[in-house]
Amino acid sequence: MELKVRKSGSVYIIDIEGEMDLYNAFKLKELVGKMLEKRITLFVLNMEKVEYIDSSGIGALIYVSSALKKRSARLIITNVHGSVKKVIELTKLTGYFPMRDTLKEGILELQRGQ
């Protein structure tokens with residue numbers, strides 16, 4: 001799994017590429033933890049290039065979402081599709097994660113909410 005960070009205005013976008021599984025899901029938690037230490041508060045997780053997610057990946061998403069809520073930071077997950085979307089639906093987490101169809105929608109929503 002590769003993680004790339006970019007910025008659009010005050011919103012930080014984390015592009016996730018590859019598989020989110022037992023072997024690499026921790027990378028996302030570590031990255032978000034470091035970003036929180038820098039007092040970053042607006043996050044978009046772009047999952048456009050994630051083709052597979054297992055329970056460890058779902059756990060990382062739950063951890064990140066909870067950590068951000070505790071610090072009053074905001075998160076939107078975008079571009080969830082295919083088998084990743086099915087896993088999130090099967091685990092009944094669609095209502096838990098703030099998800100939008102496109103990256104643009106996610107960024108605009110966070111920018112409007114400031």
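Select Tyr96 first: this residue is partly exposed, with a relative accessible area of 30%. The model is a predicted one, and every stop below refers to that prediction.

Phe97 is buried, at a relative accessible area of 2%. Because buried means under 20% relative accessible area, Phe97 at 2% falls in that class, whereas Tyr96 at 30% is counted as partly exposed.

Keep both residues on screen and show the rings. The structure holds one aromatic pair. Tyr96 and Phe97 make up that pair in an edge-to-face arrangement, with 5.4 Å from centre to centre and 70° between the planes.

Now display Lys69. What does Lys69 lie over? Lys69 is placed over the face of Tyr96, 4.3 Å from the ring centre.

Move to Tyr63 and Lys29. Here Lys29 lies over the ring face of Tyr63, at 5.2 Å from the ring centre.

Next, switch to cartoon and select residues 2–8, strand S1, together with residues 11–20, strand S2. The two strands pair in the antiparallel sense over seven bridges. They form a hairpin, with two residues between S1 and S2. Zoom in on the turn: Gly9 has a positive phi of about 65°.

Last, select residues 1–110, which UniProt lists in an unreviewed entry as "domain: STAS". Over this range the chain is 42% helix and 33% strand. The end C-alpha atoms are 25 Å apart.

Methods
Residues are numbered from 1 along each chain as its sequence is written. This is a predicted model: local features need pLDDT of at least 70, side-chain atom pairs count only at pLDDT 80 or more; totals for chains, interfaces and linings use all residues. Side-chain values use heavy atoms; hydrogens and water are left out. Two strands pair if DSSP finds at least two bridges between them. Helices (H or I, at least four residues) and strands (E, at least two) are DSSP runs, numbered from the N terminus. Rings of Phe, Tyr and Trp (its six-membered ring) pair if their centres lie within 6.5 Å; planes under 30 degrees apart count as stacked, over 60 as edge-to-face and the rest as tilted. Buried means under 20% relative accessible area, exposed over 50%, partly exposed in between (1.4 Å probe, protein chains only). A charge sits over a ring if NZ of Lys or CZ of Arg is within 6 Å of the ring centre and within 35 degrees of the ring normal. UniProt positions are given in the numbering used here, feature names are shortened, and annotations may be inferred rather than shown by experiment.
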